Amino acid sequence: MQFDDLLLRYFGTTDLAAVPPSAREAGVEKMRVDFGLERDPAKRFVIWVLLAMNGAEPDLDVAFEDEAEREAARNLLDLVMSARED
């Protein structure tokens with residue numbers, strides 16, 4: 001999965017700043033559906049990350065059954081939060 005491909009799939013553009021709020025909401029809803037249907041752990045993780053970038057991620061204990069996946073998601077969130085603080 002390429003990041004740009006995901007942006008095109010869910011938002012119709014690679015420029016998130018150009019996405020109107022209604023299109024962002026529709027893209028997030030489509031991601032939520034895809035997240036629930038996806039069975040490949042790597043793809044689920046990538047969709048979860050994109051949901052997190054939009055403030056719409058499901059809780060870790062709901063999103064990931066595997067503790068290693070939950071820990072990877074926690075680590076990513078910690079990195080993002082520390083980058084925002086800089």
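1. Basis of the values. The model is predicted, so local features need pLDDT of at least 70 and side-chain atom pairs count only at pLDDT 80 or more, while totals for chains, interfaces and linings use all residues. Residues are numbered from 1 along each chain as its sequence is written, and side-chain values use heavy atoms, with hydrogens and water left out.

2. The nonpolar core. The largest nonpolar core has 18 residues, and the members that touch the most others are Tyr 10, Met 31, Trp 48 and Leu 51. Such a core is a set of buried Ala, Val, Leu, Ile, Met, Phe, Trp, Tyr and Cys residues joined through side-chain atoms within 4.5 Å; buried stands for under 20% relative accessible area, exposed for over 50% and partly exposed for what lies in between, with a 1.4 Å probe and protein chains only. At least two residues of this core come from each of α1 (3–11), α2 (21–37), α3 (41–53) and α4 (60–63), and α3 gives the most, with 5 residues. Helices here are DSSP runs of H or I with at least four residues, and strands are runs of E with at least two, numbered from the N terminus.

3. α1 against α3. These two helices pack at an angle of about 65 degrees with their axes 12 Å apart, which makes α1 roughly perpendicular to α3. The axes are lines fitted to C-alpha atoms, for helices over the stretch in contact, and angles run from 0 to 180 degrees between N-to-C directions; under 35 degrees counts as roughly parallel, over 145 as roughly antiparallel, 65 to 115 as roughly perpendicular and the rest as oblique. The crossing is right-handed, a term for a near helix turned clockwise from the far one by less than a right angle, with anticlockwise giving left-handed. Phe 3, Leu 6, Leu 7 and Tyr 10 of α1 meet Val 46, Ile 47, Leu 50 and Met 53 of α3, and by class this contact has 8 nonpolar, no polar and no charged residues. Contact means heavy atoms within 4.5 Å, and in the classes Ala, Val, Leu, Ile, Met, Phe, Trp, Tyr, Cys and Pro count as nonpolar, Asp, Glu, Lys and Arg as charged, and the others, Gly among them, as polar.

4. α2 against α3. The axes of α2 and α3 come within 10 Å and cross at roughly 155 degrees, and the two helices are therefore roughly antiparallel to each other. This crossing is left-handed. On the α2 side the residues are Val 28, Met 31, Arg 32, Asp 34, Phe 35 and Gly 36, which meet Arg 44, Ile 47, Trp 48, Leu 50 and Leu 51 in α3; by class there are 7 nonpolar, 1 polar and 3 charged residues.

5. α1 against α2. Here the axes come within 8 Å and cross at roughly 110 degrees, which makes α1 roughly perpendicular to α2. Arg 9, Tyr 10 and Phe 11 in α1 meet a set in α2 that includes Ala 23, Arg 24, Val 28 and Met 31, and the residues of this contact divide into 5 nonpolar, 1 polar and 4 charged.

6. Trp 48 and Phe 64. Leaving aside neighbours within four places in sequence, Trp 48 is in contact with residues including Phe 35, Pro 58, Leu 60, Phe 64 and Leu 77. Phe 64 lies in the loop between α4 and α5 (67–85) and counts as buried at 1% relative accessibility. Not counting residues up to four places away in sequence, Phe 64 touches Phe 45, Trp 48, Glu 69, Arg 70 and Ala 73.

7. Two exposed positions. Val 62, in helix α4, counts as exposed at 62% relative accessibility. Gly 12, in the loop between α1 and α2, counts as exposed at 57%; Gly 12 and Val 28 are 16 residues apart in sequence and 12 Å apart in space, C-alpha to C-alpha.
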